[in-house]
Amino acid sequence: MSKISEKSTAILKILKELKGYQWMGFLLWFPKSLRDSAYSIIAKNRYRFQSKYGIKNESCLLPTKELQKKFL
């Protein structure tokens, strides 16, 4: 049975499985309260971080017919 993870634990477990991000698994060694505090700061300011680094997300992607076929 798998366990449900939240906040920093969830994202770090996901990153640990992604190619190029496995190294971030070591952050799971830090205390959960410290990790979740950092997670909350990033989550609260994510739009400011995106605009600061030139990431613009002003509209939603509309999937093509071919892409729609890949989803239920």
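## Packing of helix 1 and helix 2

In this predicted model, the axes of helix 1 (residues 7-17) and helix 2 (residues 32-44) approach each other to within 7 Å and cross at roughly 85°, which means that helix 1 is roughly perpendicular to helix 2. On the side of helix 1 the contact is formed by Lys 7, Ser 8, Thr 9, Ile 11 and Leu 12, while helix 2 contributes Lys 32, Arg 35, Asp 36, Tyr 39 and Ser 40. By residue class, the contact of helix 1 with helix 2 comprises 3 nonpolar, 3 polar and 4 charged residues.

Side chains of opposite charge can pair when their charged atoms come close. A search of the whole structure returns 1 salt bridge, and Asp 36 forms a salt bridge with Lys 32, with 2.6 Å between the closest N and O atoms. Both Asp 36 and Lys 32 belong to helix 2, where they are 4 residues apart, about one turn of the helix; both are also among the residues of helix 2 that make the contact with helix 1.

## The nonpolar surface patch

Ile 11, Ile 14, Leu 18, Tyr 21, Trp 23, Phe 26, Trp 29, Phe 30, Leu 34 and Tyr 39 make up a nonpolar surface patch of about 1,100 Å². At least two residues of the nonpolar patch come from each of helix 1 and helix 2, whereas Phe 26 is located in the loop between helix 1 and helix 2.

Key. Residues are numbered from 1 along each chain as its sequence is written. This is a predicted model: local features need pLDDT of at least 70, side-chain atom pairs count only at pLDDT 80 or more; totals for chains, interfaces and linings use all residues. Side-chain values use heavy atoms; hydrogens and water are left out. Axes are lines fitted to C-alpha atoms, for helices over the stretch in contact, and angles run from 0 to 180 degrees between N-to-C directions. Angles under 35 degrees count as roughly parallel, over 145 as roughly antiparallel, 65 to 115 as roughly perpendicular and the rest as oblique. Contact means heavy atoms within 4.5 Å. Ala, Val, Leu, Ile, Met, Phe, Trp, Tyr, Cys and Pro count as nonpolar, Asp, Glu, Lys and Arg as charged, and the others, Gly among them, as polar. Patches are made of residues with over 30% relative accessible area and no salt bridge: like charges are joined within 9 Å, nonpolar side chains (Val, Leu, Ile, Met, Phe, Trp, Tyr) within 5 Å. Accessible areas come from the Shrake-Rupley method with a 1.4 Å probe; for residues, only the protein chains shown count as cover. A salt bridge is a side-chain nitrogen of Lys or Arg within 4 Å of a carboxyl oxygen of Asp or Glu.
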